[in-house]
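Have a look at the structure first, then read on.

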Amino acid sequence: MTSLNNRIALVTGASRGIGRAAAIALAREGAHIIATARTQAGLEELDDTIKAEGGNATLVTMDVNDRPALPRLASAIHDRWGKLDIMIMNAGILGTLTPIAHMDEQIWDDVIATNLTAVFRMINQLDPLFRLSDAGRAVLVTSGAASGMMPYWSAYAASKAGLDALGKSWAAELKNTTHRVNMLSPGRIATNMIGEAFPGIDKATLPSPEDIAGDFVQLCQPDCPYQGQILNAGQIPR
């Protein structure tokens, strides 16, 4: 029996990059993956990979900013499984790196909506199902930009700082339960987003999403000791 056998795991932004790697790693450990993303083709490729390795997934094509879709998702999870054991909140966008005085308000709104408000709405809708698990585990993907002094990163940094505060508050609400909520900061990983942020970077020199996927597995174990912490990828004992 694998370590996450029969656990129900929601992974947002699962069609590529870190979300895809996390979904595959969790599936290898026996979790049933509910994979969400905006692109159906990417989800189907993920599904092919998971099935080829003997795992199972349910695909949900949706934008995390689609407000009516969230209660429908919660209702579908409730009707089919009656609980939600794992939540990987990974979907996010970079926006435009620019001085605050030059920031387009729509870009600011889009980054905050996707990286922070959508996570709040996910928690708001799914917390009752999460609490029905015997050992719910949530991992919110954050960034070092949240605590660093990085010029031109204002929208992204603010969204991730807000995410950290949201996650800590949720963890505090769950203090006297068997559930755990933590934030994971991947660092510089070879993803499309790092290419957008640093166009000249050689992604071949960076760790891959697969290199850190094991951290998600560790944070989703029923015996995970962490609660309300901001953890750096690669520093979690395996």
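Predicted model: local features only at pLDDT ≥ 70, side-chain atom pairs only at ≥ 80, totals over all residues.

Two packed helices are described by the angle between their axes and the distance between the axes.

**Helix α4 on its own**
- Helix α4 covers residues 105-131, and its 27 residues should span 39 Å at 1.5 Å a residue.
- At the start of α4, Asp 104 places a side-chain oxygen within 2.8 Å of the backbone nitrogen of Gln 106.
- Where does α4 bend? The bend is at Gln 125 and amounts to about 45°, with a proline, Pro 128, following within four residues.

**Helices α3 and α4**
- Helix α3 (residues 69-80) and α4 have axes that come within 10 Å and cross at roughly 20°.
- Angles under 35 degrees count as roughly parallel, so α3 is roughly parallel to α4.
- The crossing of α3 past α4 is right-handed.
- On the α3 side, the contact is made by Leu 70, Pro 71, Leu 73, Ala 74, Ile 77 and His 78.
- On the α4 side, the contact residues are Arg 121, Met 122, Gln 125, Leu 126 and Leu 129.

**Helices α1 and α2**
- The axes of helix α1 (residues 17-28) and helix α2 (residues 40-52) come within 10 Å, crossing at roughly 25°.
- These two helices, α1 and α2, are therefore roughly parallel to each other.
- Here too you can look for the handedness: α1 passes α2 in a right-handed crossing.
- Arg 20, Ala 23, Ile 24 and Ala 27 of α1 make the contact with Glu 45, Leu 46, Thr 49 and Ile 50 of α2.

**Helices α1 and α7**
- Helix α7 (residues 209-219) packs with α1 at an angle of about 55°, and their axes are 8 Å apart.
- Are α1 and α7 parallel or oblique to each other? At that angle, α1 and α7 are therefore oblique.
- Their crossing, α1 with α7, is right-handed.
- Residues of α1 that meet α7 include Gly 17, Ile 18, Ala 21 and Ala 22.
- Among their partners in α7 are Pro 209, Ile 212, Ala 213 and Phe 216.

Technical notes. Residues numbered from 1 in each chain as written. Heavy atoms only, no water. Expected span 1.5 Å × (residues − 1). Bend = angle between axes of the 7 residues up to and from the residue. Polar contact = N/O pair within 3.5 Å; in protein donor to acceptor, adjacent residues only side chain to side chain. Axes fitted to C-alpha atoms, helices over the stretch in contact; angles between N-to-C directions. Parallel < 35°, antiparallel > 145°, perpendicular 65-115°, else oblique. Left-handed = near helix turned anticlockwise from the far one by under 90°. Contact = heavy atoms within 4.5 Å.
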